[in-house]
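Subject: Structure handover and what was found in it

Dear colleague,

Please find the structure below, followed by an account of what was found in it.

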Amino acid sequence: MSRLCLYLLGAPRIECDGQPVRADTRKAIALLAYMAITGESHRRDALINLLWPEYDQTRGRANLRRTLYALRKALSGDWLDVDGENVRLNPRAEFWLDVDQFHQHLAECLTHGHLVSEVCPACLPPLTAAVTLYRGDFLSGFSLRDSFNFDDWQFFQADALRREFSNALDRLVQAHVARGTFEQALNYATQWLALDRLNEAAHVQLMQLYAWSGQRSAALRQYQECVRVLESELGVYPQESTTALHQAIQAGHPPRPPAGPEPQHVTQHPTVEAPSKAEALFHPPAGWEYEPAETAASVFVARERELARLSGSLDAALAGQGRVLFVMGGPGRGKTALIQEFARRAQQRSADLIFASGKCNAHTGYGDPYLPFREILGLLTGDVDALWAAGAISREHARRLWDIFPRAVEALGEVGPDLVDTFVPGAVLARRAAAYTTGGIGGPVAWQTRLEELVGRKAALPHDPN
């Protein structure tokens with residue numbers, strides 16, 4: 001069979017054996033992209049809800065049939081697996097996806113035995129390869145005007161990938177600074193700032209790099225640009241440390257570049273194989289749990305009244321008067337940012353507060369059953385390293401989730417054993433438990449033994465394909 005290549009980082013492009021493939025309709029491209037990213041089988045009703053949310057079943061099914069026909073005709077091969085009510089990409093076909101390759105390059109850095117926030121010499125090739133693959137935002141320039149469900153799904157995919165790209169650029173800058181290759185670092189820092197002009201950390205990094213490269217005037221201009229953007233967009237001024245850096249550069253005394261030794265490999269934990277999308281393992285080294293949080297808080301303005309209401313409800317819940325709150329608003333109104341800021345402030349106030357969240361997928365209906373609960377349970381059972389590496393949660397947030405891992409596993413075994421291998425993979429749980437106790441921070445291992453017994457019993461049960 002031929003080889004199908006799908007490029008989604010940037011404007012979508014399809015190639016078969018190196019030759020471009022043109023799909024007849026935008027819905028065909030959207031359907032192919034969605035099946036490729038999810039890698040799952042989807043029911044027809046879920047796909048209709050995603051691509052034709054305002055159509056009735058009759059019209060929706062007719063449009064889906066036409067789209068599948070157009071996709072088959074364009075690809076001219078056995079690329080689709082359509083079985084009654086279920087549709088997916090043929091798992092036996094030779095298929096290449098740039099998003100998967102991007103994630104594989106990033107995952108390779110997790111096998112080098114150091115903190116995921118650090119970069120060793122072996123990290124440079126995969127990080128560089130990952131950044132090179134990123135031609136632009138996910139499905140850049142593509143949208144479906146009559147399908148808000150698909151557009152929302154595309155937005156969240158693009159946002160997550162952009163975060164990972166930003167993190168990779170930041171780490172590449174750090175690596176090249178440590179090696180003294182400032183020109184390469186400048187290139188990646190410029191790309192980093194281009195993702196978000198309000199990223200003050202990127203402005204600071206560029207100021208330092210220009211100064212270390214002997215481009216004092218460029219460093220001073222970068223500070224002026226930082227002042228202009230922050231004042232015009234947010235009505236705020238740079239932090240005092242940024243202004244102090246500007247004054248030092250202006251006086252001809254910029255800070256020295258950091259010393260050159262590469263990060264030392266962590267020996268407290270064994271190197272693990274590159275995790276798959278569902279099997280990322282979080283390995284904090286000994287002493288990690290006592291380090292302060294290092295993730296810089298983003299600028300958050302307004303919404304103080306809403307934050308006060310949320311804080312008041314949290315106080316009531318901590319006093320034993322729990323309640324349910326709904327945060328409502330149209331797309332792009334800042335609901336997610338509000339919740340994240342509330343969680344950040346709440347964790348600063350309460351040292352023992354645990355925050356875990358999950359997102360519904362309204363686009364595919366029952367195509368992702370119990371998705372938010374699966375995501376929440378994943379966080380409580382140690383699946384936190386990818387979010388930490390991407391900068392989505394702070395070091396302190398990750399530490400709290402990791403610390404609760406034994407109690408979450410105990411509770412899972414006592415009141416929810418059927419959730420193992422349905423909501424969370426049992427084999428992955430067992431490996432995380434081994435990593436936890438190997439680090440010497442797990443205390444008694446009775447809970448690990450019970451978990452291994454549970455996973456063993458589940459594995460011995462006959463498999464039900466339904």
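The buried residues of H15 are Arg395, Glu396, His397, Ala398, Arg399, Arg400, Leu401 and Trp402, where buried stands for under 20% relative accessible area, exposed for over 50% and partly exposed for anything in between, with a 1.4 Å probe and protein chains only. Because 8 of the 9 residues of H15 are buried, the helix is largely enclosed by the rest of the structure. Helices here are DSSP runs of H or I with at least four residues, strands are runs of E with at least two, and both are numbered from the N terminus.

This is a predicted model, in which local features need pLDDT of at least 70 and side-chain atom pairs count only at pLDDT 80 or more, whereas totals for chains, interfaces and linings use all residues. Residues are numbered from 1 along each chain as its sequence is written, and side-chain values use heavy atoms, with hydrogens and water left out.

The residues of H12 that are buried are Leu338, Glu341, Phe342, Ala343, Ala346 and Gln347. H12 itself covers residues 335-349, and its 15 residues reach 21 Å from the first C-alpha to the last, close to the 21 Å expected at 1.5 Å a residue; the expected span is 1.5 Å times one less than the number of residues.

For the chain as a whole, the secondary structure comes to 18 helices and 7 strands, and 43% of the 466 residues count as buried. Among contacts (heavy atoms within 4.5 Å) with a separation of 6 or more, 66% are between residues 24 or more positions apart. The accessible surface comes to about 24600 Å², of which 52% belongs to carbon and sulfur atoms, the areas being computed by the Shrake-Rupley method with a 1.4 Å probe and, for residues, with only the protein chains shown as cover.

Helix H6 deserves a paragraph of its own. H6 (residues 148-179) has 32 residues and spans 46 Å between its first and last C-alpha, close to the 46 Å expected at 1.5 Å a residue, and it is followed by Gly180, whose phi is positive, near 80 degrees.

Two packed helices are described by the angle between their axes and the distance between the axes. Axes are lines fitted to C-alpha atoms, for helices over the stretch in contact, and angles run from 0 to 180 degrees between N-to-C directions. The axes of H6 and H7 (residues 182-195) come within 8 Å and cross at roughly 155 degrees. That makes H6 roughly antiparallel to H7, given that angles under 35 degrees count as roughly parallel, over 145 as roughly antiparallel, 65 to 115 as roughly perpendicular and the rest as oblique. The crossing of H6 and H7 is left-handed, a term used if the near helix is turned anticlockwise from the far one by less than a right angle, with right-handed for clockwise. Among the H6 residues that meet H7 are Phe165, Leu169 and Val173, and the H7 residues that meet H6 include Tyr188 and Trp192.

H6 also packs with H4 (residues 98-108), here at an angle of about 40 degrees and with the axes 12 Å apart, and the two helices are therefore oblique to each other. H4 passes H6 in a left-handed crossing, and Val99, Phe102, His103 and Leu106 in H4 meet Leu161, Glu164, Phe165 and Ala168 in H6.

A further pair is formed by H8 (residues 200-212) and H9 (residues 216-234), which pack at an angle of about 165 degrees with their axes 7 Å apart. That makes H8 roughly antiparallel to H9, and their crossing is left-handed. Tyr210 is one of the H8 residues that meet H9, and Tyr223 is one of the H9 residues that meet H8.

Finally, there are two backbone details to check. Leu139, in the loop between helix H5 (124-133) and H6, has a positive phi of about 55 degrees although it is not a glycine, and this residue is buried, with a relative accessible area of 1%. Asp17, in the loop between strand E2 (13-16) and strand E3 (19-21), likewise has a positive phi, near 55 degrees, but counts as partly exposed at 48% relative accessibility.

Best regards
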